[in-house]
Amino acid sequence: MSVLGTRLVRKEDPELLTGEARYVDDLTVPGALWLGLVRSPHAHARITNVDTSAAATMPGVRHVFTGADLADAWAAPMPCAWPVTADMKAPEHHPVAGDKACYVGDIVAVVVADSRYAARDATEAVDVTYEELPAVVDLEDAKSDRVVIHDALGTNTSYVWELTPDAAAVDQAFADARYRVSETYLQQRLIPAAMEPRGVAVVPQPHGGEFTIYSATQIPHILKVMLGITVGLPEQKLRVIAPSVGGGFGSKLNVYAEEVLALALAKKLGKPIRWTEDRTENAQATIQGRGQIQHIELAADENGKVTAVRADLVADMGAYLQLVTPGIPLLGAFLYHGVYDVPNYSFRCTSVFTTKTPTDAYRGAGRPEATYAIERAMDALAREVGVDAAEIRRRNYIAPDKFPYESAAGLVFDSGNYEPTLDRALELVGVEQLRQDQERRRADGSSKQLGVGISTYVEMCGLAPSRVLASLNYSAGGWESATVRLLPTGVVQVVTGTTPHGQGHETSWSMIVADRFGCSPDDVEVLHSDTAITPLGMDTYGSRSLAVGGTAVAMAADKVLDKAKAIAAHQLEAAEEDLEFTDGQFRVRGTPDRSMALGAVAFEAFTAHNLPEGVEPNLESQVTFDPPNFVFPFGTHVAVVEVDTETGAVELLDYAAVDDCGNQVNPLIVEGQIHGGIVQGIAQALYEEAVYDEDGLLRNPTLADYLVPTAAEFPGFKLDHTVTPSPTNVLGVKGIGEAGTIASTPAVMNAIVDALTPYGVTDIPMPAAPMRVWAAIHGREAREEATDDTAFRPSGSGGGIPTS
């Protein structure tokens, strides 16, 4: 019986739950010096003087450096690996600012001291003289170039990227449309709040000019290459270890100034250097997510069938381009038509610099933004056509017999069957009874209105076919590596290039190999996250690990089995085609007493005393898998909310998620990923927002005022799934890590708007805090009394425009 598909408890959890796991800050590094970072308190300012004299004499302080002091420490600027257009504008970015600070948190001086406390105290004694410049916070203001942030660029626009296969056809579709919907939505900035903050420790080795870098990173392999380029050290002299890493959500998919600084100063001083961020630094200097103005238009015929989608974004890059900042909007560029059979498509993104923390990948990275826009717009279309939100979706889904489906945006969706997930999700919440209750409350004039919100999503996972990345100007491939070796004692070792930070790879990879070898998952050891042990890898992000890395593991295991079969046939004096392999044993068909256990084959391969001619000793295989296509998981989420029209408070009453990620290796892990994702997406809808004032100051940089929700804010989620295997890989799997985040935000916001439809509310800016909800309701009442209703128009509401 296969272990795949069983609810196996994660083998890595005991270490994580009992405190035995070691994170960067837990490491003992003898003789280490600590970094203290002086950060700009201004969003935009010239640095006219940095006086380090007082700090340099404080107890425990070894050195204080300014940007000028370290000007020769860099072999290259901070890396940006995704120049999406040939003419993309990118400011030169070094770890320590020279003559100008461009966001609150920009590093302007560095203290090196014997302890973290001495280093922190001394930062307060560094006297920096600033000449304040105007902040640029609003995206349209940034586009106007009223204030240019990077003088050398002459503009705040980094790039304009467009995907419009047939502009004339799109225009014609809108000209012919019976219904047109034009909506504008705001994607607020979000602060990733991983349980473990970022941290780094760099240890020079005694000989050979080598350095070991411990980092709380998602990408040890990519980090090694980028650090070598930036600091000017040969790649082979660097070893990056990501020990236990407490979450990332994309924020640790990056190369940060602190990591580059720690390596450069370890090289310069010949001492171990370390740093761990505090929560305010996390809010100010770790990348932030989202940050877009989305304008989306739908054209539809008389039946509500969508004939064209047109999306136009303004994306906030922040002050600088981080590792993949420019490419994040492009990860959603191909999905603004969602799960719908749309013949005509147009997408354009204008990216701009602002005087705020740089943005970059955050859970879902572009795909939540796309799903939010199309799913909110589909509800708007349903209102225009006068049909139920579920009905408008049924009329537009890609039919199951159209897969593989080539979308108007140019992707080929591997497999899908969307309507059953909608049916099941509506069934789980009892939608018919809910609609009756909703009508009763509306008729009674209840102050507690009920709303039902639907979101059907498709995600582009398994990042990525290298040839596709090349077409998007990404500076790396999308392959993944795995090695499987069967040791003489029968233990299996798996070496993977993926790097878990909470996803349960050790369990999943063990199950994949155990299924193939007929052994227990406990007999499989998974090695990862150390570039000396796993030299080849592309790391973990974008729900790629299972579809690409797990597939590589399965393929490597199959190659080991092929070799083992040849050895077993030789030992059993039988032809290979006469052998069968079941329950970890090679058996000669029709002669059950002639068998050989896989472990025994491994020992024979080790001793090499009696191997077939030409067969090398030992059982080991390495595979590098470059996927031929993306995988496209999908599903439907339904949220049920109650809105208090007197206070604006929103309570989530019920939530159902029906996802299809193809074959499931471990349903328990799948459900855990979905739970976390749902919470993260709902947090965007109801709680979280990085709030900047007009001076570019982050007003909520601590967990006391940035509202990260807890389990207490949520009901129990109702989960179910369908299974539509992907033909892209041998496991038939798709991704699931980001699905909950992608689907839940529009589901909740659609539910709130649905509840307030009788009040004329069509949109509420996220997060839908009570004040904003109340203002949206109150605005409607005020409009009825006002002669000019535009003053009370809810922000972000475009409204539908029937054309005939």
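Before sorting any lining by class, I noted the scheme: Ala, Val, Leu, Ile, Met, Phe, Trp, Tyr, Cys and Pro count as nonpolar, Asp, Glu, Lys and Arg as charged, and the others, Gly among them, as polar. I also noted that this is a predicted model.

**Cavities.** I searched the whole structure and got 7 cavities of 30 Å³ or more. The largest cavity comes out at about 110 Å³. I counted 15 residues lining the largest cavity, and His93, Tyr103, Ala257, Ala285 and Gln322 are the closest to its centre. Sorted by class, that lining holds 9 nonpolar, 3 polar and 3 charged residues.

**Salt bridges.** My search of the whole structure turned up 49 of them.

Asp151 and Arg46 pair up at 3.3 Å, N to O. Asp151 sits in the loop between α4 and β7, Arg46 in strand β2, and the two are 105 residues apart. I found Asp151 partly exposed at 48% relative accessible area, and Arg46 partly exposed at 30%.

Next I checked Glu281 with Arg120, whose closest N and O atoms are 3.6 Å apart. This pair links helix α8, which holds Glu281, to helix α3, which holds Arg120, across 161 residues. Buried or partly exposed: what is Glu281? Glu281 is buried, with a relative accessible area of 6%, while Arg120 is partly exposed at 36%.

Asp388 is in the loop between α10 and α11 and Arg435 in helix α13, so the pair ties together parts 47 residues apart in sequence.

**Network.** I also found Arg120 and Glu281 in a network of salt bridges that includes Arg39, Arg198, Glu258, Glu277 and Asp278.

Methods: Residues numbered from 1 in each chain as written. Predicted model: local features only at pLDDT ≥ 70, side-chain atom pairs only at ≥ 80, totals over all residues. Heavy atoms only, no water. 1 Å grid on protein atoms, 1.4 Å probe; cavity = no way out; pocket = protein on both sides within 12 Å on 5 of 7 lines; lining within 4 Å. Points joined across faces, edges and corners; volume = space filled by probe spheres on them. Salt bridge = Lys/Arg side-chain N within 4 Å of Asp/Glu carboxyl O. Helix = DSSP H or I, 4+ residues; strand = E, 2+ residues; numbered from the N terminus. Buried < 20%, exposed > 50% of the residue type's maximum accessible area, 1.4 Å probe, protein only.
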